[in-house]
Amino acid sequence: MSARGLFITVEGGEGVGKSTGIAFLEKTLQAHGVELLVTREPGGSKLGEELRRLLLAVDDEPLDPTAELLLMFAARAQHISGRIEPALAAGKWVLCDRFTDATYAYQCGGRGIDRGAVSALENLVQGTLRPDCTLLLDAPVSIGLARARMRGDLDRFELEELAFFERVRATYLELAAGSSGRFRIIDAGQPLEQVQEQLLKVCKELTACWGVRHPAP
Ligand code: TMP
């Protein structure tokens, strides 16, 4: 039986370069011989992707914050049982674009939902599953939002006001400070090359710790 894989999550506010960072991590880890599932939240399963569409859609009926929270966890439950757990159990590493830290940052920090409620859902839906390592791509909100808004069509979250994203960023940094063993903060306000250098350092650290078979030179 193969050893359980590593569960890595990537977090950050809008426009911090998560997609580029994840593509770089995927390529680098695969070059180190890591078998990898790359996935995202909300999403990652058929139901999850349907729920993502509903969650991001701009609609004239405002989405109730508790409904939003429950839809995030409904998508997560399906994602964990259908994709994440089977991959980890088969010894694959899972690289997930956002996970429950995003719920604390957006639903608690952004929307003001009580952390106790999220913690209860976290325990119910995840059991003991928690990320082994979380990379937080951090950049000033004004930089990230300007990048996100340049991409064109804005989703329901991207339309939020500046203060919402300031609360999201502050919550992420607070979570990282409270779990410094799990988090690696990446300064995403730097030029791409320097961001990739920081990501490479984390990849080397993870593959060294977890004894991957074919380390790159
Ligand atoms: P993405 O497009 O950056 O992948 O994420 C979609 C949006 O969903 C993003 O604005 C953050 C939001 N989100 C939450 O509000 N709570 C969550 O638990 C997750 C996973 C995402």
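Arg40 stands opposite Asp97 of strand 3, and since this is a predicted model, please take what follows as a reading of that model. Strand 2, residues 36-40, and strand 3 pair in the parallel sense over five bridges. Strand 1, residues 7-12, also pairs with strand 3 in the parallel sense, over four bridges, and here the bridge partner of Phe7 is Val94. As for strand 3 itself, residues 93-97, five of its five residues are buried: Trp93, Leu95 and Asp97 point one way, while Val94 and Cys96 point the other way.

Let me turn to the aromatic residues, where the count comes to five pairs. The ring centres of Tyr106 and Phe157 lie 5.8 Å apart with their planes at 85°, which is over 60 degrees, and the pair is therefore edge-to-face. Tyr106 is buried at a relative accessible area of 5%, and Phe157 is buried at 6%.

Tyr106 also pairs with Phe164, but with centres 6.1 Å apart and planes at 55°, so that this pair is tilted; it too links distant parts of the chain, from helix 4 to helix 7, 58 residues apart. Phe164 counts as buried, at 1% relative accessibility. Together with Phe165 and Tyr172, the residues Tyr106, Phe157 and Phe164 form one aromatic cluster.

Lastly, the charges over rings: Arg156 lies over the face of Phe157, at 4.9 Å from the ring centre, and the charged end of Arg76 sits over the ring of Phe73, 4.8 Å from its centre.

Terms used:
Residues are numbered from 1 along each chain as its sequence is written. This is a predicted model: local features need pLDDT of at least 70, side-chain atom pairs count only at pLDDT 80 or more; totals for chains, interfaces and linings use all residues. Side-chain values use heavy atoms; hydrogens and water are left out. Buried means under 20% relative accessible area, exposed over 50%, partly exposed in between (1.4 Å probe, protein chains only). Helices (H or I, at least four residues) and strands (E, at least two) are DSSP runs, numbered from the N terminus. Two strands pair if DSSP finds at least two bridges between them. Rings of Phe, Tyr and Trp (its six-membered ring) pair if their centres lie within 6.5 Å; planes under 30 degrees apart count as stacked, over 60 as edge-to-face and the rest as tilted. A charge sits over a ring if NZ of Lys or CZ of Arg is within 6 Å of the ring centre and within 35 degrees of the ring normal.
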